[in-house]
Amino acid sequence: MVKGRFAPSPSGRMHLGNLCSGLLAWLSVRSQGGTMLLRMEDLDPDRCKEEYAVQVARDLEWLGLDWDEGYGAGGPNGPYRQSERSDIYAAAFETLRGAGLVYPCYCTRAERLAVSAPHPGEGEAVYGGLCRRRAPEELAELAATRRPAWRVAVSDREISFVDGLQGPVRENLVQDCGDFIIRRSDGVYAYQLAVTVDDGLMGVTEVVRGRDLLASTPRQLWLLEELGLSAPAYTHVPLLLSSDGRRLSKRDGDLDLSVLREKKSNRELTGFLACLCGLLPSPEPLSPTELIPLFSWQKVKRESLFVTSC
């Protein structure tokens, strides 16, 4: 049985890019007769609020996107808010530590930048593993004055998979991402660990999400393997960009639902998104359910999509 998920971060009102990913994830699941799950990725205690989570659910319902399991619906794999799953992440953390894959990192931001190399073509810093090489005496001295973040020591091998829209992807973990953080210095578990554990334990078989997360997939596949969890299939959909090439952001209030719901009906917005993604030749008012027989990944555009108006 196919099981997909939509996992927004309740840090503000959803914007058009969030809706586009959510609609495509929903259409993929419903076109296969599968189960849809809604999870709230609210790890950041400073930005994520319960009122935002409630609004996300209301906006999805307004658009016509339902779900069978998860936030507000319950199910056998809860809790469905990451802020309530710390004990589950702690167990996964201890599994990795028991395998000798976890070590404390005391590097300051300046030290991390000094010992990191840029990720080829991305500008992302690749951590060079300084704290993995520190002497025990130096680590003990640092521990007296700093709280560490915790990193996993990645394997020096290639991880490959075939993305449902972007095609073959290959990455050497050491060269392309380096040892990455799985628990922050404030004790909050990091996205890479949390999302991996959640997808594995919740039985997710397909992940549809924005193309900006494509580079995260090899490290998540590696974590799934180390934790003995089954890997879902991945499809990374195009990002929505403003007319000046800037990625849509909640912080900027770009085309968020508070504005969109005043300008368009739910059917008009669904039709606009479907046309933007390539599912329709021109915008026409349709509900998500009416789009199901028209859905095909072969129609969906691969590259970033520019939004000049809505």
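1. **Before you start.** Please keep in mind that this is a predicted model. Every value below was computed from it.

2. **How α8 meets α9.** Two packed helices are described by the angle between their axes and the distance between the axes. Take helix α8, residues 191-201, and helix α9, residues 217-227: their axes lie 9 Å apart, at an angle of about 60°. Angles of 65 to 115 degrees would count as roughly perpendicular, so α8 and α9 are oblique to each other. The crossing of α8 past α9 is right-handed.

3. **Who makes that contact.** From α8 come Tyr 191, Gln 192, Leu 193, Val 195, Thr 196, Val 197 and Gly 200, while α9 supplies Arg 219, Gln 220, Leu 223, Leu 224 and Leu 227. Sorted by class, the contact of α8 with α9 has seven nonpolar, four polar and one charged residues.

4. **How α3 meets α9.** Helix α9 also packs with α3, at an angle of about 80° and with axes 10 Å apart. Since 65 to 115 degrees counts as roughly perpendicular, α3 and α9 are therefore described as roughly perpendicular to each other. On the α3 side the residues are Ala 92, Thr 95 and Leu 96, and they meet Leu 223, Glu 226 and Leu 227 in α9. This contact of α3 with α9 has four nonpolar, one polar and one charged residues. Notice Leu 223 and Leu 227 of α9: they touch α3, and they also belong to the contact with α8.

5. **An empty space inside.** Rolling a probe the size of a water molecule over the atoms shows where empty space is left. How many cavities of 30 Å³ or more does the structure hold? There is one, and the largest cavity has a volume of about 50 Å³. Its lining is made of Phe 6, Gly 22, Trp 26, Met 36, Leu 37, Leu 38, Leu 60, Leu 65, Asp 66 and Trp 67.

6. **What surrounds the cavity.** The elements giving two or more residues to the lining of the largest cavity are α1 (16-31) and β2 (35-38). With three residues, β2 gives the most. By class, the lining divides into eight nonpolar residues, one polar and one charged.

7. **A cis peptide bond.** Which form does the peptide bond from Gly 78 to Pro 79 take? The bond is cis, with omega near 0°. You can find Pro 79 in the loop between β3 (69-70) and α3 (86-98).

Definitions and conventions. Residues are numbered from 1 along each chain as its sequence is written. This is a predicted model: local features need pLDDT of at least 70, side-chain atom pairs count only at pLDDT 80 or more; totals for chains, interfaces and linings use all residues. Side-chain values use heavy atoms; hydrogens and water are left out. Axes are lines fitted to C-alpha atoms, for helices over the stretch in contact, and angles run from 0 to 180 degrees between N-to-C directions. Helices (H or I, at least four residues) and strands (E, at least two) are DSSP runs, numbered from the N terminus. Angles under 35 degrees count as roughly parallel, over 145 as roughly antiparallel, 65 to 115 as roughly perpendicular and the rest as oblique. A crossing is left-handed if the near helix is turned anticlockwise from the far one by less than a right angle, and right-handed if clockwise. Contact means heavy atoms within 4.5 Å. Ala, Val, Leu, Ile, Met, Phe, Trp, Tyr, Cys and Pro count as nonpolar, Asp, Glu, Lys and Arg as charged, and the others, Gly among them, as polar. On a 1 Å grid over the protein atoms alone, a cavity is a set of points where a 1.4 Å probe fits but cannot get out, and a pocket is an open set with protein on both sides within 12 Å along at least five of seven lines; lining residues have an atom within 4 Å of a point. Grid points are joined across faces, edges and corners, and a volume is the space filled by probe spheres set on the points.
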